[in-house]
Amino acid sequence: MKLFARVGRWLAVAAVLPVAGAVLAAPADAGAVAPGRPEDPVTTGAPSRNAPPTFCLDAHLADVGWQGWRCATGSWVTAGTTGQSRAMEALRIRFTNAGFMCAEAHLAGIGWQGWRCGYAGDVIEVGTTGQARRMEALRIYTSTANICLDAHLADIGWQGGTCAVAPGSVERGTTGESRRMEAVSVLAW
């Protein structure tokens, strides 16, 4: 079963990766601001597109606390747990060589928390600690890095990766189902 989940995530990535050096085209709405999507600030220079971003995650888990940073460059990075029925309550994101990024969590009893944004090197934190409040969904927006996101949910397992070409956003999880998010996995390039 885990093999099928991983294969599904890689197929999602293969759908948006350049093939034989072809250039990825930006989606038709790439320049538009979608409802709920943060505005990009004016920047003085874009990071190099030659070096892939390093993406780091640190999950705050029910009855555990902060799990510790997990980082990857050019491959999937995963935070949280699977098979333990443990809710993820908060998430910290740190990245390099990726310009501007925002994240937003959907929380039990609150709904969408509001965008938290930062530049390369900043730590973006979404969710809550000390409230025993589960995260149910996650959105990530990036200005310069292409990104894929997958989430492991209670009674569902891995949803399957969804990807976006920069600038763009991805969303995983559920809203209105009272379903806890247990882990997330991100790929940025």
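Q: In this predicted model, is Cys 148 buried or exposed?

A: The general idea is to compare the relative accessible area with a cut-off, and a residue counts as buried when the value is under 20%. In this predicted model, Cys 148 has a relative accessibility of 0% and therefore counts as buried; Cys 163, with a relative accessible area of 19%, is buried as well.

Q: What do Cys 148 and Cys 163 form, and how far apart are their sulfur atoms?

A: A pair of cysteine sulfur atoms within 2.5 Å is read as a disulfide. Cys 148 and Cys 163 form such a bond, with their sulfur atoms 2.0 Å apart. Because Cys 148 belongs to strand β11 (residues 147-153) and Cys 163 to strand β13 (residues 162-164), the pair ties together parts that are 15 residues apart in sequence. The torsion about their S-S bond is about 110°, so this disulfide is right-handed.

Q: How many disulfides are there by this rule, and what is the pairing when the bonded cysteines are numbered in sequence order?

A: The count comes to three disulfides, and the pairing in sequence order is 1-2, 3-4, 5-6. One of them joins Cys 56 to Cys 71, with an S to S distance of 2.1 Å. Cys 56 lies in strand β1 (residues 54-61) and Cys 71 in strand β3 (residues 70-73), so this pair links parts that are 15 residues apart in sequence. The torsion about the S-S bond of Cys 56 and Cys 71 is about 115°, which means that the disulfide is right-handed. Cys 56 is buried, with a relative accessible area of 6%, whereas Cys 71 is partly exposed at 44%.

Q: Which strands hold Cys 102 and Cys 117?

A: Cys 102 and Cys 117 form a disulfide with their sulfur atoms 2.0 Å apart. Cys 102 lies in strand β6 and Cys 117 in strand β8, so the bond ties together parts that are 15 residues apart in sequence. Cys 102 is buried, with a relative accessible area of 0%, while Cys 117 is partly exposed at 39%.

Q: How many residues of strand β6 are buried, and which strands does β6 pair with?

A: To read a strand's surroundings, one looks at both of its sides and at its bridges. Eight of the eight residues of β6 (residues 100-107) are buried, so the strand is largely enclosed by the rest of the structure. Phe 100, Cys 102, Glu 104 and His 106 point one way from β6, Met 101, Ala 103, Ala 105 and Leu 107 point the other way, and all are buried. β6 runs antiparallel to β8 (residues 116-119), joined by four bridges, and Arg 116 is the bridge partner of Ala 103 there. Seven bridges join β6, again in the antiparallel sense, to β10 (residues 135-142), where His 106 stands opposite Ala 137. β6 also pairs antiparallel with β7 (residues 111-112) over two bridges; in the hairpin of β6 and β7, Gly 109 takes a positive phi near 75°.

Definitions and conventions: Residues numbered from 1 in each chain as written. Predicted model: local features only at pLDDT ≥ 70, side-chain atom pairs only at ≥ 80, totals over all residues. Heavy atoms only, no water. Buried < 20%, exposed > 50% of the residue type's maximum accessible area, 1.4 Å probe, protein only. Pairing = 2+ DSSP bridges.
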